[in-house]
Amino acid sequence: MLDVLLIPAALLLTLALRAVRRGEYRLHGYLMTAIFTLVGLRVVLHPRGLNPAHRALWLLTLAAAGLTILLGRMALAWREARGAHPALPRIHRTIGKTTLVGLALTTLVWLLRHRG
């Protein structure tokens, strides 16, 4: 039943990616943090439904998302002329794409798991 939390996360992801295309980087960050919170709630609220392998996979994905959010904050600071590293937006995009692929694979593994 808690898998339903993944539906608003997917909708928020669509809105977040659309916001970054329009150049609304701060809104993008807020939406991505909301997604992180929803997915984290899904993992925390039903630990009995996760076997150790799935739990480790979700926690690894959440750790990658947390790193991406931190890099995004630093990239936003650079865009707003408060940071000194011009490579941060590129690094954030690369890590973000990797995290997105990891999240897609983790979700696919989760949805295709055997409930025997």
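Helix 1 covers residues 6–21, and at 1.5 Å a residue its 16 residues should span 22 Å; the end C-alpha atoms lie 23 Å apart, which agrees. Here the expected span is 1.5 Å times one less than the number of residues. Helices are DSSP runs (H or I, at least four residues), numbered from the N terminus. This is a predicted model, in which local features need pLDDT of at least 70 and side-chain atom pairs count only at pLDDT 80 or more, while totals for chains, interfaces and linings use all residues. Residues are numbered from 1 along each chain as its sequence is written, and side-chain values use heavy atoms, with hydrogens and water left out.

- The buried residues of helix 1 are L6, A9, L12, L13, A16 and A19. Buried means under 20% relative accessible area, exposed means over 50%, and partly exposed lies in between (1.4 Å probe, protein chains only).
- Viewed down the helix axis, these buried residues fall within an arc of 125°, so they line one face of helix 1. The arc is taken from the directions from the helix axis to the C-beta atoms.
- An α-helix has 3.6 residues a turn, so residues three or four places apart point the same way.
- I7, L11 and R21 are exposed, on the face of helix 1 turned away from its buried side.
- The cover over the buried residues includes helix 2 (25–45), helix 3 (52–79) and helix 4 (88–111). Contact here means heavy atoms within 4.5 Å.

- R22 and E24 join their side chains in a salt bridge, at 2.9 Å from N to O. A salt bridge needs a side-chain nitrogen of Lys or Arg within 4 Å of a carboxyl oxygen of Asp or Glu.
- R22 is partly exposed, at 49% relative accessible area. E24 is also partly exposed, at 33%.

**Salt bridges around E80**

- The count of salt bridges comes to 3.
- R26 pairs with E80, with the closest N and O atoms 2.9 Å apart. This pair links distant parts of the chain: R26 sits in helix 2, E80 in the loop between helix 3 and helix 4, and they are 54 residues apart.
- R82 also forms a salt bridge with E80, at 2.5 Å from N to O.
- R26 is partly exposed at 38% relative accessibility, and E80 is partly exposed at 34%. R82 is exposed, with a relative accessible area of 56%.

Key. Helix = DSSP H or I, 4+ residues; strand = E, 2+ residues; numbered from the N terminus.
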